[in-house]
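Thanks for coming, everyone. Please have a look at the model on the screen, and then I will walk you through some parts of it.

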Amino acid sequence: MRVISRSLLFAAIFPVCVVAQNTNPKPEPVLDVHVHAMDADFPGIAPMCPNTSKFIASDPKGKEEPFGWIKEPCTPALYPAAKGEYMKDVLAEMERLNVTAVVFGDPKSVQKWKDAAPNRVIPGTAFSAGITPGQRVPLDELRKDFTSGGFRVMGEIGLQYEGLSPSDMSVDQYFALAEELDIPVAIHMGTGGSGRANITVPKFRGSMGNPLLIEDLLARHPKLRVQVMHAGYPMIEEALTLLQANSHVYVDVAGLIWSYPIKEVNRYIERLVEGGFEDRVMFGTDQLIWPKLMAYSISIIQNADYLTTEQKRDILYNNAARFLRLDGATK
Ligand SMILES: [Zn+2]
């Protein structure tokens with residue numbers, strides 16, 4: 001959707017007036033469709049370099065690191081929050097950057113975020129109980145979360161980490177519930193290799209992140225609205241094929257936008273847009289650990305010279321507003 005915002009129009013007509021009055025204008029709104037309700041401390045974690053340039057090999061004979069990203073100096077390095085400050089810091093960043101976010105996690109953790117920032121948090125939760133693969137939240141409990149608990153999105157659904165396809169029949173009842181209640185679902189697809197999945201997450205399967213694995217699920221639930229998290233990165237052909245076949249499917253660029261080499265990241269987003277899907281690419285951070293990650297990720301979209309101003313607004317706000325059916329339409 002291409003809309004000239006009122007403020008832009010105003011600026012075009014009364015430029016001098018705007019400059020004089022708005023010395024520190026509020027940034028245009030951003031919707032981040034992929035934030036995690038973390039509130040843990042991360043003592044001793046080294047600063048993180050986003051868009052690391054490569055993965056390095058390792059040898060099973062020696063001690064192998066849990067991540068394969070090369071360690072290299074960078075600007076800016078992103079620092080974890082001080083002890084006990086993470087949620088507060090991220091919410092302050094959201095206020096500063098004018099961000100509203102879909103925040104995922106177990107209901108209790110998400111509620112804490114919602115209570116702290118009721119106007120900036122859209123709550124999301126899913127059916128994994130704890131971190132042990134295969135443990136599920138009872139269906140009735142999840143139904144309550146969405147009918148009376150105020151939850152708006154079912155996610156993050158991380159079946160790929162269990163080596164399962166999103167079309168696996170063992171979880172079909174949850175997707176049937178989402179279709180029945182008209183709740184969008186957000187499914188992790190694609191990323192997660194981290195260069196060492198073979199060592200740290202033995203059930204993870206890259207192949208289970210193939211976006212086309214969602215097709216059978218969509219055939220069984222034709223009204224289901226799906227957010228393909230991480231845009232199925234790096235499987236661009238499969239992501240485009242799914243988008244071409246199913247108009248209820250959107251993608252988010254969370255995680256991938258800061259995790260992989262910058263040239264590759266921009267090429268991937270450009271392919272999605274040039275493939276004709278500028279209306280279905282949503283901004284997301286995968287916000288965790290480092291409070292400045294959100295601002296950094298937004299800057300990647302804002303600095304993308306292959307996107308028009310309208311396309312940037314669509315990715316940063318309008319597409320998600322349409323997907324989530326937020327009031328207020330486009331901004
Ligand atoms: Zn994910």
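This is a predicted model: local features need pLDDT of at least 70, side-chain atom pairs count only at pLDDT 80 or more; totals for chains, interfaces and linings use all residues.

**Strands, a crossover and a helix**

Let's start with a pair of strands. Strand β1 covers residues 30-36, and it pairs with β2 in the parallel sense, over 5 bridges.

How does the chain cross from β2 to β3? It goes through helix α4, residues 107-116, and this β-α-β crossover is right-handed. Helix α4 lies across β1, β2 and β3. Relative to β3, α4 runs at about 180°.

Let's step back to the sheet. Which strands form it, and in what order? There are 8 strands in an open sheet, ordered β1-β2-β3-β4-β5-β6-β7-β8, with parallel pairing. At the edges stand β1 and β8, the latter at 281-282. Each has a single partner strand, so one side of each is left without a neighbour in the sheet.

Back to β2. Is this strand enclosed or open? Of its 6 residues, 99-104, 6 are buried, so β2 is largely enclosed by the rest of the structure. Look at where they point. Val99, Ala101 and Val103 go one way from β2. Thr100, Val102 and Phe104 go the other way. Both sets are buried.

Next, helix α12. This helix spans residues 293-302, and Ser297 sits in it. In α12, 7 of the 10 residues are buried, so the helix is largely enclosed by the rest of the structure. The buried ones are Leu293, Met294, Tyr296, Ser297, Ile298, Ile300 and Ile301.

Last stop, Ser297 itself. Why do we call this residue buried? Its relative accessible area is 0%, and buried means under 20%. And what does Ser297 touch? Leaving aside residues up to four places away in sequence, Ser297 touches Ile257, Trp258, Phe283 and Thr285.

That's my tour. Over to you for questions.

How values were computed:
Residues are numbered from 1 along each chain as its sequence is written. Side-chain values use heavy atoms; hydrogens and water are left out. Buried means under 20% relative accessible area, exposed over 50%, partly exposed in between (1.4 Å probe, protein chains only). Helices (H or I, at least four residues) and strands (E, at least two) are DSSP runs, numbered from the N terminus. Two strands pair if DSSP finds at least two bridges between them. A crossover is right-handed if, with the strands pointing away from the viewer, the path from the first strand over the helix to the second runs clockwise. Contact means heavy atoms within 4.5 Å. Axes are lines fitted to C-alpha atoms, for helices over the stretch in contact, and angles run from 0 to 180 degrees between N-to-C directions.
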